[in-house]
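Subject: Handing over the structure

Hello,

Here is the structure I promised to pass on. Please look it over first, then read my notes below.

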Amino acid sequence: MSNQPSPERSSKPSEILARITLQMASSLDRQVVLDTITQGLVEEIDAAFARIWLLGPGDLCADCYKAADCLNRSRCLHLEASAGLYTNLTGEYRRIPLGALKIGNIAQGSGPIFTNDVLGDDRLPNKQWMQDNGLHSFAGYPLKFRSELLGVIALFGRRPLSEAEFERLAVFANEAAIAIKNAQLFTEVERLKNRLQAENLYLREEIKLAHNFEEIIGESPGIKAVLRHVEQVAPTDSTVLIHGATGTGKELIARAIHNLSLRKDRPLVRVNCGAIPVNLVESELFGHEKGSFTGALQRRIGRFELADGGTIFLDEVGELPLDAQVKLLRVLQEREFERIGSGLSTKVNVRVIAATNRNLFEAVKAGLFRADLLYRLNVFPIEAPPLSARVSDIPLLVHHFLEKYSKKLSKGLDGVSQATMDRLMTYSWPGNIRELENVIERATILSHGPTLEIDDALLHPTVRSSLQQEETMEAVERAHILRVLQDVSWVVEGKQGAATRLDLHPNTLRSRMQKLGIKKPRLS
């Protein structure tokens, strides 16, 4: 092989690289730009292979091949594009510390490296490898946009490069840096636009929701203790776990914590973990890329990314399936997650408030909830007291709901009879504040005079019939699950298992079996 560059190529280095410049400038997709640059160098100037590393966070320190050479593990060079002899981005050089090897030295300011004598240049190791692949030239340049270091571009050539080509490559590196920066900025703008659209959509959905009440109402010792806890924990970033029966106002407590925190200007994103289909939990929480699974027709931003900088409220967290609990644990520990189909970690700054009406310690014993996740969530527990423990607050709540629905329904009610108030004060309220609000709304609709009247016929039959219906539905569900289990010889998991036939996650089925008291009969 001749050591002289071909006259055809060396005579027009500007034209050759201009074609690549035009191609890379025609796209704002970062990966397309990077692949266009590296593949163009291989095809246009006979590069044996070309690579681009971009500056990024220290994210693979535990298993990085070059970790021993890294003094500062906060930043390093990430291999983002490779063409020619090697296209694998996960090999030995996937991460290069700043100041290590020739690439790290170029990034740290030692200046570009270019030579036509790769075998005689002491700056380049691996002489046998270069000889085996017939390499003659090397060029490496920092990628800088103004004074900002973006990364390093490097190539090995099978032929010597002319002085004009080396000079043009230096100019080309600057043009490549501009194209990469434009693509990065476009990606960031798209990310912010998508996030803003998602926030607007979420907030529009939130406006449609009818919250139980606009502020925490009550002067009982129980609710005052809750408010003291809220004031204590709100200014911190500690994770909060709110316990309480259905209808006790757990979401209202979460909102109060968020509104008193330093994150109050960012969204409070609510997720009802019990209302998400099992197969969509991960997508709902962490998002997915377009085409990552059947039905993923476009990229979706998950609730954690939507709550970045703010607070996420995980209502009924005890209903999460075990595989989603593992992903949630990682977010709490590492403050990062991966969208489905992405393979890239996304850092997130989110405060987590969770709520449950289940005894999670019992769920841990039953194998339905991870102990390590419970300890992560239960940093600052708050107990939402039932209405039966806040009897002195009932008059305040009644007058609040009366005013709310009197205006809403244009009824003009101005008070509650003493007999009605006595009846409301002595009732047990199994549905808590939510049930009280529903009763007041129903009584307001039925009222004819200026004073609200509620008798036993309005209160007790409604509760009895709903309880009877619940018992009937529970009996039907228990019988159905039992029949399916018997049909499959009590096999829960697998294609022929009961969970598949019932279209349930196996852990969800086990939870229902435990709740319904269904146990596999012992062999005699």
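Start just after helix α4, where G111 takes a positive phi of about 95°. Helices (H or I, at least four residues) and strands (E, at least two) are DSSP runs, numbered from the N terminus.

Two ground rules before the rest. This is a predicted model, in which local features need pLDDT of at least 70 and side-chain atom pairs count only at pLDDT 80 or more, while totals for chains, interfaces and linings use all residues. Residues are numbered from 1 along each chain as its sequence is written, and side-chain values use heavy atoms, with hydrogens and water left out.

Helix α4 spans residues 101-110. Its buried residues include K102, I103, G104, I106 and A107. Buried means under 20% relative accessible area, exposed over 50%, and partly exposed in between (1.4 Å probe, protein chains only). The cover over the buried residues of α4 includes β1, β2, β3 (95-96), β4 (113-115), β5 (137-145) and β6.

Strand β1 covers residues 47-57. Nine of its 11 residues are buried, so β1 is largely enclosed by the rest of the structure. Two strands count as paired if DSSP finds at least two bridges between them. β1 pairs with β6 (residues 148-157) in the antiparallel sense, over seven bridges. There, A50 has L155 of β6 as its bridge partner. β1 also pairs with β2 (residues 75-84), again antiparallel, over nine bridges. L55 stands opposite L77 in β2.

**Around β11**

Five of the five residues of β11 are buried, so this strand is largely enclosed by the rest of the structure. T311, F313 and D315 point one way from β11, and I312 and L314 point the other way. β8 and β11 are parallel partners over five bridges. N272 stands opposite D315 in β11. β11 and β14 also run parallel, joined by four bridges. F313 stands opposite I353 in β14.

**The cores**

In soluble globular proteins, nonpolar side chains tend to be buried together. A nonpolar core here is a set of buried Ala, Val, Leu, Ile, Met, Phe, Trp, Tyr and Cys residues joined through side-chain atoms within 4.5 Å. The largest one has 32 residues, and F304, L314 and V317 have the most contacts inside it. Elements giving two or more residues to this core include β8 (268-272), β11 (311-315), α11 (322-334) and β14 (351-356). α11 gives the most, with five residues.

What does F304 touch, leaving aside its neighbours within four places in sequence? Its contacts (heavy atoms within 4.5 Å) are L285, F286, I312, L328, V331, F337, V348, V350 and V352. Apart from this core lies another, of 29 residues, among them A139, L143, A173 and A177.

**The largest pocket**

On a 1 Å grid over the protein atoms alone, a pocket is an open set of points where a 1.4 Å probe fits, with protein on both sides within 12 Å along at least five of seven lines; lining residues have an atom within 4 Å of a point. The largest pocket has a volume of about 1,900 Å³, taken as the space filled by probe spheres set on the points. Its lining has 45 residues, and R30, E80, T187, L344 and S345 lie nearest its centre. The largest share of the lining, eight residues, comes from α6.

Best wishes
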